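Biologist: I'm new to this one. Could you walk me through how to read its inside?

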Amino acid sequence: MGNVEKAVHLVRQHVAAGESGAIAVELLKLAADNRGIWNAPWARVLDEVRALPPESRTAIADALVAQYHSAEAGPVARGNALTLIGVIARGLPGDRLSAERLEKLDELGRRQTFWYLERHEVLAEAELAAGRALAPAVVALFRRTALEAYRDDALPALAAKLTEPVLNVGEEWAERALRDADGAPEWQALLRHAATATAARPTRAWEQRARALIEPLGADRVRTTVVPWFALAGRRTFELERREYEPDINNAYDPYNANALRGLTWVLALLPSHPDTARALGALVETSLRKVAGLGPRNPKVANAGVNALARIDGESALAELARLATRVTYKGTLKLLEAALETRAQALGLSREEIEELAVPAYGLTEVGRTERQLGDVTAVLEVRGPRPSSAGAPRQARESRACRPRSGVTTPRS
């Protein structure tokens, strides 16, 4: 008889004898032996207990509460007791160890993820069953963990129930977006749709829905609101506890929010071309490719989405960003996308790659060949590029107007 079969047989003996306290002790011993990981073999023991009638499960759950409060129980045993109570007492009346469960959830909310076989989702389910919402950091934990769950239905099912807040807290850009969307159902809907961007490219149905959500907000408003969010990508508002085997999670993107970032690049690609959009997308590509210890590039999927968005936007500003990025990006997958985008644009314009790169050189506000003027109060500043060096001059408006009919004799070079 194997260890699992022995455990099941022992539980049955204690059940037959009405020894709920002994069952509680045996379950805690098993949890210590398997380090709280209730994988397929050991899950049979939990299934055996879960199949008992409500009165038997109630007695076992109450016995586990007593074990939690016993003087011999340490932190590990108390944590295992909380999980076991969540499994066994599901559907039973009463709200056992609610304060202790909330404390455990707050502790978990400082982590990136947990191993799905630890069964911590039962703690969240117990809170929801008691009619209490989970703290935003705890919601973020379960969403992140659900993305990594392997052959498990419980965590994705729980994550599907956690609809608020729309984005995970902990990142500056996401919390700024949540503030901007607060009390605005149209923005909430757009962010919720952006978070569904889990594929490499948007489908036609996804884009149709996005266009419908953009319309009531207006393209200009969407651009001016979303573009500042991208500048905050990569910054956290509070640090997570990094375990020994984890990469530098505090410099990585939140994987749930990363999907929303990707969706927002798709949204910007649907808007009319604008230099601010191109610059924001280019900066996001670079931010997403910065190296993170133990991980490599921060998030190539978001970087690639930014490149694909730039490739879909007409105009010289987007072209300039593609050409600029092609000279700076070294990550092979993203660089391949950049090269393909530039080649496609060259063929569409009937130009060589070299000519495309020349067209993509930004003008930096020069209105003529090597010259621009800017009005600064009563002074007009003039910048001219003569050969490799810039020159500048400034004159009061009245003096400039009095010399308007005279040929310009040149400009003065500022002292260094």
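Predicted model: local features only at pLDDT ≥ 70, side-chain atom pairs only at ≥ 80, totals over all residues.

Biologist: How many aromatic pairs does the structure hold?

Modeller: Rings of Phe, Tyr and Trp (its six-membered ring) pair if their centres lie within 6.5 Å; planes under 30 degrees apart are stacked, over 60 edge-to-face, and the rest tilted. Here there are 4 aromatic pairs. In one of them, Trp115 and Tyr116 have ring centres 4.9 Å apart and planes at 55 degrees, so that pair is tilted. Trp115 is partly exposed at 44%, whereas Tyr116 is buried at 11%.

Biologist: And are the planes of Trp187 and Trp229 tilted or edge-to-face?

Modeller: Edge-to-face, because the planes are at 65 degrees, with the centres 5.8 Å apart. The pair links distant parts of the chain, 42 residues apart: Trp187 belongs to helix α11 (residues 185-194) and Trp229 to helix α13 (residues 219-230). Helices here are DSSP runs (H or I, at least four residues), numbered from the N terminus. Trp229 is buried too, at 0% relative accessibility.

Biologist: Which residues have the most contacts inside the largest nonpolar core?

Modeller: A nonpolar core is a set of buried Ala, Val, Leu, Ile, Met, Phe, Trp, Tyr and Cys residues joined through side-chain atoms within 4.5 Å. The largest has 64 residues, and Leu167, Trp173, Trp187, Val222 and Phe230 have the most contacts inside it. Helix α14 (residues 255-269) gives the most to this core, with 9 residues. Apart from it lies another core of 50 residues, including Ala7 and Tyr116.

Biologist: What does Phe230 touch, leaving aside its neighbours within four places in sequence?

Modeller: Contact means heavy atoms within 4.5 Å. By that rule Phe230 is in contact with Leu261, Leu264, Thr265, Leu268, Ala280, Leu281 and Leu284.

Biologist: Where does a charge sit over a ring?

Modeller: The rule wants NZ of Lys or CZ of Arg within 6 Å of the ring centre and within 35 degrees of the ring normal. Arg236 lies over the face of Phe238, 5.2 Å from the ring centre.

Terms used
Residues numbered from 1 in each chain as written. Heavy atoms only, no water. Buried < 20%, exposed > 50% of the residue type's maximum accessible area, 1.4 Å probe, protein only. Helix = DSSP H or I, 4+ residues; strand = E, 2+ residues; numbered from the N terminus.
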